[in-house]
Amino acid sequence: MEQENLFAQRLLMQFNHRLTLDEAKQKVKKIYSETKGVQKFHAGNDEVNDSGFIFTPGDPRRLWVGGSESYMFNKLEDIALSSQPKTPALGCRISRALEPKAVDSNFMTSRINWVVQSSCCRLLHLMLVCMKWLFLSLIFKEDFQFLSMMKFDLSCEK
């Protein structure tokens, strides 16, 4: 979390040169608390259920609360910490080298990034395949009609 804060502070200061280090720290803290939320620790026995957590009952479980995106961050961590992490849409598995039985709770940033990027990549591929099918299955007429501003009327007519 500290590395994350330092990166965000440097980024803010890079784009706003008048920002002091203390101001950047305050802004980052506010941004993270409003979006990600704040960390709370709960006993693991409340969380060991259908998600397949690797925590044994009684181990502390970090949850994000109070932020606009807390649910999303908790879900990403749930997936990354499950015994066999899979993408939500297609159920694609992470490399065995990054499964919790191989790395315990290390490399969380990499595993969460894998969940996000792999899911987006799969969904983008599905969208492109569907668009290709749609375009190939439609029969286009020679005339296309579309709306344009009056000042472009003559140039669009061609």
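This tour moves through a predicted model, from its confidence values to a pair of packed helices and then to a pocket.

Select helix α2, residues 21-35, where confidence is highest at a mean of 93, and then helix α6, residues 153-156, where confidence is lowest among the elements at a mean of 66. Next select residues 46-57, a stretch whose pLDDT is below 50, although in the model this stretch has 22 contacts beyond near neighbours in sequence.

Now show helix α3, residues 70-81, together with helix α5, residues 108-137, whose axes lie 9 Å apart and meet at an angle of about 105 degrees. Angles of 65 to 115 degrees count as roughly perpendicular, and α3 and α5 are therefore roughly perpendicular to each other. To view where they touch, display the side chains of Leu76, Glu77, Ile79, Ala80 and Leu81 in α3, which meet Met108, Arg111, Ile112, Val115 and Val116 in α5. By class, this contact has eight nonpolar and two charged residues, with no polar ones.

Finally, turn to the largest pocket, which has a volume of about 410 Å³. Select Glu4, Lys36, Phe73, Thr109 and Ile112, which lie nearest the centre of the pocket among its 14 lining residues. Two or more lining residues come from each of α1 (2-15), α2, β2 (60-65), α3 and α5, and α5 gives the largest share, with four residues. Colouring the lining by class shows six nonpolar, four polar and four charged residues.

Note on methods
Residues are numbered from 1 along each chain as its sequence is written. This is a predicted model: local features need pLDDT of at least 70, side-chain atom pairs count only at pLDDT 80 or more; totals for chains, interfaces and linings use all residues. Side-chain values use heavy atoms; hydrogens and water are left out. Axes are lines fitted to C-alpha atoms, for helices over the stretch in contact, and angles run from 0 to 180 degrees between N-to-C directions. Angles under 35 degrees count as roughly parallel, over 145 as roughly antiparallel, 65 to 115 as roughly perpendicular and the rest as oblique. Contact means heavy atoms within 4.5 Å. Ala, Val, Leu, Ile, Met, Phe, Trp, Tyr, Cys and Pro count as nonpolar, Asp, Glu, Lys and Arg as charged, and the others, Gly among them, as polar. pLDDT is the predictor's confidence in each residue, from 0 to 100. On a 1 Å grid over the protein atoms alone, a cavity is a set of points where a 1.4 Å probe fits but cannot get out, and a pocket is an open set with protein on both sides within 12 Å along at least five of seven lines; lining residues have an atom within 4 Å of a point. Grid points are joined across faces, edges and corners, and a volume is the space filled by probe spheres set on the points.
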